[in-house]
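Reader: Could you walk me through this one, starting with how the chain is linked to itself?

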Amino acid sequence: MVVTASAVGTATATCPNGFHAVGGGFQGLSADITSSVPVGGSPPVGWQVTTLATEVTVYVVCTP
């Protein structure tokens, strides 16, 4: 995901059907990350990152 300067962006990585998230994270400039959290209920089914004006790659670790 690429976010323009002075903007806030959100990117989400999701697990395939029948799987749930057990962890996650991102690759990018950590100073520009405002949140990195599990999403999608209980148990969570994805990982979401919110960032300020930077490029970020979001990862999720899934299990059945």
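Author: A disulfide (a pair of cysteine sulfur atoms within 2.5 Å) joins Cys15 to Cys62, with an S to S distance of 2.1 Å. This is a predicted model, in which local features need pLDDT of at least 70, side-chain atom pairs count only at pLDDT 80 or more, and totals for chains, interfaces and linings use all residues. Residues are numbered from 1 along each chain as its sequence is written, and side-chain values use heavy atoms, leaving out hydrogens and water.

Reader: Which parts does the pair of Cys15 and Cys62 tie together?

Author: Cys15 lies in the loop between β1 and β2 (20-28) and Cys62 in strand β5, so the link ties together parts that are 47 residues apart in sequence; strands here are DSSP runs (E, at least two residues), numbered from the N terminus.

Reader: Is Cys15 buried or exposed?

Author: Cys15 counts as buried at 11% relative accessibility, whereas Cys62 is partly exposed at 27%. Buried means under 20% relative accessible area, exposed over 50%, and partly exposed in between, with a 1.4 Å probe and protein chains only.

Reader: Switching topic, what does the side chain of Thr50 join in a polar contact?

Author: The side chains of Thr50 and Thr10 are joined by a polar contact of 3.4 Å, meaning a pair of N or O atoms within 3.5 Å; within protein, one must be able to donate a hydrogen and the other to accept it, and residues adjacent in sequence count only if both atoms are side-chain atoms. Thr50 is found in strand β4, and at 14% relative accessibility Thr50 is buried.

Key: Helices (H or I, at least four residues) and strands (E, at least two) are DSSP runs, numbered from the N terminus.
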